[in-house]
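Below are some numbered remarks for a colleague who has not looked at this structure before. Please read them with the model open.

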Amino acid sequence: MLMKEYRICMPLTVDEYRIGQLYMISKHSCEQSGGGEGVEVMRNEAHMHPQHGQGQLTEKRIYLSSKLPAWARAFAPRFFYVTEKAWNFYPYTITEYSVSFLPKFSIRIETRFENNNGDNDNVFGDTPTPPENVSFLDILSDPIPERHYKESEDPSRWMSSKTGRGPLEKGWRDDHKPIMCSYKRVQCSFEVYGFQTKTEDFIHKSIQDILLVGHRQAVTWIDEWHGLSLDEVREYEQTMQEKTNSKVKSNPCNTGPPAASRPVFSRSISVTDERSLKKMGVMTVDMSESPLPHSRLHSTPE
């Protein structure tokens, strides 16, 4: 299991981001859904946790079949989904991912939001992350995949008419007011011999891209959500969830037969090493030469 901590600063307050996060996730999920693929919200309900108190539990299915590379399509079911479960006890959240046909794959993300520039080395209050496993991500200067770039979402060109903030300039994290940091402790596990290290490294690289794009959007969309109340953004969230679900369900394969007659995808494959794949007639490849696409698998960049 590979664990890393990411720290992403934004020119916002923690209270502001509570609204911005909900808005950004809802809008982004809707943008990324269509033609039977994307994000389907299964439940979104109040949840009481014995340690963290009152919060919100959200469960989603993310359909990605057409976005897999050829080597993965060779042994993946024709239709599958990623399950995302998120517990929001703002300013602390937990998000977990699993794949319907890969029981040995999991991602767990703990997040804590604080009003500082990322200088808290023990934000989770247990064992500090070793310095070599901590990465600072800069929404201004760190590159994102070219296909995700939009000038309107570029912090160096962004200007908020409502708040007067922006554009961001080099060194902004040292003196910008307000400033907050999203601390994320990410644990990734893919226990398949011969694939584990490369897969986990690749997933962490993909997560970095997802976090950068998502946090850039939350900031540069500020004029769309700033000033909304929590009730108003929850209403927006509900509206967008209904719209998003209808996009996903436009593919009959995602709504298909009753649950009782659906194939149990989690039993469709069980492999432990590269040799097993070859016995099945699946040609394995070097992931560095044939990577997975940087699809927005993570519907909740938070």
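Which residues does Lys27 touch, not counting residues up to four places away in sequence?

1. The model is a predicted one. In it, Lys27 touches Trp221, Glu224, Tyr236 and Met240, leaving aside residues up to four places away in sequence. Lys27 itself belongs to helix 1, which runs over residues 14–31.

2. Is Lys27 buried or exposed? Its relative accessible area is 15%, and the cut-off for buried is under 20%, so Lys27 counts as buried.

3. Two of these contacts can be described further. The side chain of Lys27 makes a polar contact of 2.9 Å with the side chain of Glu224. The charged end of Lys27 also sits over the ring of Trp221, 4.1 Å from the ring centre. A charge over a ring is found at Arg185 as well: its charged end lies over the ring of Phe124, 4.4 Å from the centre.

4. How many aromatic pairs does a search of the whole structure find? The search gives five. One of them joins Tyr23 and Tyr236, with ring centres 4.5 Å apart and planes at 15°, so this pair is stacked. The pair links distant parts of the chain, since Tyr23 is in helix 1 and Tyr236 is in helix 6 (residues 230–248), 213 residues apart.

5. The partners in that pair fall into separate accessibility classes. Tyr23 counts as buried at 8% relative accessibility, whereas Tyr236 has a relative accessible area of 21% and is partly exposed. The limit for buried is under 20%.

6. Ring pairs also link Tyr17, Tyr90 and Phe113 into a cluster.

7. Helix 6, which holds Tyr236, has 19 residues. From its first C-alpha to its last it reaches 26 Å, close to the 27 Å expected at 1.5 Å a residue.

8. Where do the buried residues of helix 6 lie around its axis? The buried residues are Val233, Glu237, Met240, Gln241, Thr244, Asn245 and Val248. They cover an arc of only 140° around the axis, so they are on the same side of helix 6. Met240, one of this buried group, is also among the residues that Lys27 touches.

9. What does the face of helix 6 turned away from its buried side carry? It carries the exposed residues Asp231, Glu235 and Glu242.

Notes:
Residues numbered from 1 in each chain as written. Predicted model: local features only at pLDDT ≥ 70, side-chain atom pairs only at ≥ 80, totals over all residues. Heavy atoms only, no water. Helix = DSSP H or I, 4+ residues; strand = E, 2+ residues; numbered from the N terminus. Buried < 20%, exposed > 50% of the residue type's maximum accessible area, 1.4 Å probe, protein only. Polar contact = N/O pair within 3.5 Å; in protein donor to acceptor, adjacent residues only side chain to side chain. Contact = heavy atoms within 4.5 Å. Phe/Tyr/Trp six-rings, centres within 6.5 Å; stacked < 30°, edge-to-face > 60°. Lys NZ or Arg CZ within 6 Å of the ring centre and 35° of its normal. Expected span 1.5 Å × (residues − 1). Arc of directions from axis to C-beta.
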